[in-house]
Amino acid sequence: MAIRVDTSVIANLTIDSTTDAVVIDGVSKIFKKPRPLWRRRNKDGADKREIRAVDDVNLTVKRREIVGILGANGSGKSTLIRILSTLLLPDTGHVTIFGYDVEKDERKVQELINRVSVEASFFKKLSPMENLIYAARLYNMPGAEAREKIVSILTRLGIKPDRIKSPMENMSRGMQQKVAIARAFLTAPILLLLDEPTTGLDPRSKIDVQAFINELRDVHDATILITTHDMDEAEALCDRVAIIDQGRIVALGSVDDLKRHITGLMGRAESATMQEVFMYYTASRLVTEEDIKRYGSWEKAFEAIEAQREEEDK
């Protein structure tokens, strides 16, 4: 069964309701550092200038799912989001968004998605209203409709009416981030890519944004992929989480399933926290049953392994 998507910003694209929202198949992305003139390639032929930001990633996101991507700085999560948003091309593998290839069908994919980035930029001398009207015009949204939506979304996100027409240079970083989120919501995308969207927001604002994200999924049928450092946020929002480390997905599942698994490995009655789950999967190596027997507990084994890594890195 096919669904006709007919809004002011999506040009009558046909979306098959049985098609997965996102399919990432064997995707890798390698960056190279500039080679200093006085250095040569290693004798073994290895080029250590290569940085494998995304390494053979496979992930399928179902329609209307909220999936979190958790990872440390430099783990590859933002690079993956840029590939999904057509800002980067994968070196190997394929990505489809509702059946459309991000390379072959770039324009169609762009009509279906929007992205919020932690480094969002604006015309700082202009107001939130003027910035968002500019964005709406890029999507051919009528002015009257755009103004109504802008006021509604910004108010929903906790921005007071008197700030909507004030210059953005007078707003805090957190308030500017809310405007970035509003800009993404404005076009009613059916796939929303949120790259650390609540960074810099106060606790109240985070709750407002999280409630709005859930509303987008429940009311507007959106699929949402979110990268975050906030374990509580991942636990509150996500149907599933993928933990990425050194460009590879090392764990994937629901929060409850991942916590249950780590709790069993730790051999205790009290449930593991998401912080403990994250630390387990991003450790220098996984804690084995032999490690637990050797050191007496999962916590002591983890501490010993991390101490060994710190010594090796010195």
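Predicted model: local features only at pLDDT ≥ 70, side-chain atom pairs only at ≥ 80, totals over all residues.
1. A residue counts as buried under 20% relative accessible area and as exposed over 50%, with partly exposed in between. Asp221, at 27% relative accessibility, is therefore partly exposed.

2. Opposite Val67 stands Arg240 in β11.

3. The whole structure contains 18 salt bridges. One of them pairs Asp221 with Arg64, with 2.8 Å between the closest N and O atoms. These two residues come from distant parts of the chain, 157 residues apart. Asp221 sits in the loop between α7 (203-220) and β10 (223-228), while Arg64 sits in the loop between β4 (50-61) and β5. Arg64 has 32% relative accessibility and so counts as partly exposed, as does Asp221 at 27%.

4. A second salt bridge is formed by Lys77 and Glu196, whose closest N and O atoms are 3.8 Å apart. Lys77 belongs to helix α1 (residues 77-84) and Glu196 to the loop between β9 (191-195) and α7, so this pair ties together parts 119 residues apart in sequence. Lys77 and Glu196 are both buried.

5. Glu145 and Lys149 also form a salt bridge, with the closest N and O atoms at 3.4 Å. Both lie in helix α4 (residues 143-156); because they are four residues apart there, about one helical turn separates them. Glu145 is partly exposed at 29% relative accessibility, and Lys149 is partly exposed at 28%. Elsewhere, salt bridges with shared partners connect Arg63, Arg64, Arg217, Asp218, Asp221 and Asp239 into one network. The pair described in point 4, Asp221 and Arg64, belongs to that network.

6. Pro128 is found in helix α3. Its relative accessible area is 0%, so Pro128 is buried. Apart from neighbours within four places in sequence, Pro128 contacts Leu154, Arg163, Ile164, Ser166, Met168, Met171 and Val179.

7. On the surface, Phe123, Leu126, Tyr134 and Leu138 make up a nonpolar patch. Together these four residues have about 400 Å² of accessible area. Leu126 is located in the loop between β8 (113-116) and α3 (128-138). Its relative accessibility is 32%, so Leu126 counts as partly exposed; membership of a patch requires over 30% relative accessible area.

Definitions and conventions: Residues numbered from 1 in each chain as written. Heavy atoms only, no water. Patch = residues over 30% accessible without salt bridge, like charges linked within 9 Å, V, L, I, M, F, W, Y side chains within 5 Å. Areas by Shrake-Rupley, 256 points an atom, 1.4 Å probe, with all protein chains shown as cover. Salt bridge = Lys/Arg side-chain N within 4 Å of Asp/Glu carboxyl O. Buried < 20%, exposed > 50% of the residue type's maximum accessible area, 1.4 Å probe, protein only. Pairing = 2+ DSSP bridges. Contact = heavy atoms within 4.5 Å.
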